[in-house]
Protein chains: 2
Amino acid sequence: MNLSPLVQSFVLHFGEMGSRWGINRTVGQIYALLYVSEKPLNADEIAESLSFSRSNVSMGLKELESWRLVRLQHFPGDRREYFSTPDDVWAIFKTLAEERKKREVEPTLTMLRGAIMETPASDAERHAQQRMKEMHQLIELVTTWFSDIQHMDVETLQRLMKLGSQVQKILQFTHSLSKLTSRDGDRE
Amino acid sequence: MNLSPLVQSFVLHFGEMGSRWGINRTVGQIYALLYVSEKPLNADEIAESLSFSRSNVSMGLKELESWRLVRLQHFPGDRREYFSTPDDVWAIFKTLAEERKKREVEPTLTMLRGAIMETPASDAERHAQQRMKEMHQLIELVTTWFSDIQHMDVETLQRLMKLGSQVQKILQFTHSLSKLTSRDGDRE
DNA sequence: CTCAATTTTCAGGAATTTCTGAAACTTTGA
DNA sequence: TCAAAGTTTCAGAAATTCCTGAAAATTGAG
């Protein structure tokens, strides 16, 4: 199969960016190819299009499966497995965010929680622990917020995003509102 | 200098995570060490603490400078350069997000914009281009939203995050409000 | 069950990235 | 201007990661 110039540049770009995104060239290119492909592709087609060895493609697809970024399907009368990416870009985005969270931040949170539990044995440790607490607090806040947001339906999410920094105004409004109505509005 | 166990495990963790975050072991460890250190450290102290060669530390610090994650300072009567991380974790987070955006998404946006401009030469290209448009739109929306949010002051940002998915309710409220007051409230 | 089609595994070669020591460069104080 | 203190550069060694071909394992039709 011969890739058209447009597709080719897209595929090559994903290959090159791969290393920055923590995946390798093969995986990046395979994903890009599947993403723009009109129909699902089998491993041989992928290997041929990208000039990778069949085994390399197999490993790349396994990696993509572990990221839950590809879907697998079969066609009647054909034993080969066909791969594609979900159509809904929002779903893709959410999956990606979840996986990155699991791989890139969860382990750190665990480590931080452990470290914060320890009894500091020196002044230096006390200070270090304080810094870790600050980091932990921030990560915790940001990630739970993220998962909150992820569970919103796409409609609302888009509206929120389009609103941009204007949320600030609504927030200020409701904040002063709560100050008016609540007995201890300026606590916090 | 001898690292206390608490600091050591923190430093080692950052070293190991380094590769997942797109930086290397040295850079990860140096950053971690500076982050928990009570006072700024010079390159020799870092090299000794982490048992890296002096030159490796130099390259690592350069890398961290390019990420704008370390500050450089001097002490009177000492010609050596001392390094530290900003105290404010929110500032750190913002810097990190900006840099990652610059390195990991901006190039892709540029590529996508270019590809979308082209005139498709086939059916496959037409489809590919459509997919690229979807991706472009999503990335554009998410990143501009992100930079909107970044420009909010930390107070507001924290309030927004603590609110979590409850924004949804406020949003729904204001949405129906605008429907009531605006002549064409259900356009979008 | 058998066999051919297909996929996966894996040892080791290729490519890339990281790290070091030596040398070059820069800065500053005398 | 020079020398000492400090920093950066860079060639190549070391370590790691990627990729391949061959072989093993799996799958499903007959």
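Which residue stands opposite B:Ser84 in strand 3 of chain B? B:Arg71 does.

## About the model

This is a predicted model, where local features need pLDDT of at least 70, side-chain atom pairs count only at pLDDT 80 or more, and totals for chains, interfaces and linings use all residues. Residues are numbered from 1 along each chain as its sequence is written, chains are lettered from A and ligands numbered from 1 in the order in which they are written, and side-chain values use heavy atoms, with hydrogens and water left out.

## The hairpin in chain B

Strand 2 (residues 71–75) and strand 3 (78–84) of chain B run antiparallel and pair over four bridges. Strands here are DSSP runs of E with at least two residues, helices are runs of H or I with at least four, both numbered from the N terminus, and two strands pair if DSSP finds at least two bridges between them. The two strands form a hairpin with two residues between them, and B:Gly77 in the turn has a positive phi of about 75 degrees.

## Around DNA strand D

Of the 16 residues around DNA strand D, the nearest are A:Thr26, A:Ser55, A:Arg79, B:Lys62 and B:Arg79; a residue is near if one of its heavy atoms lies within 4 Å. Helix 4 of chain B gives the largest share of this surface, five residues.

Now for polar contacts (pairs of N or O atoms within 3.5 Å). The side chain of A:Arg25 has an N or O atom 3.1 Å from a phosphate oxygen of DNA strand D. A:Arg79 places a polar side-chain atom 2.5 Å from a base oxygen, while a side-chain N or O atom of B:Arg79 is 2.8 Å from a base nitrogen.

Methods:
A polar contact is a pair of N or O atoms within 3.5 Å; within protein, one must be able to donate a hydrogen and the other to accept it, and residues adjacent in sequence count only if both atoms are side-chain atoms.
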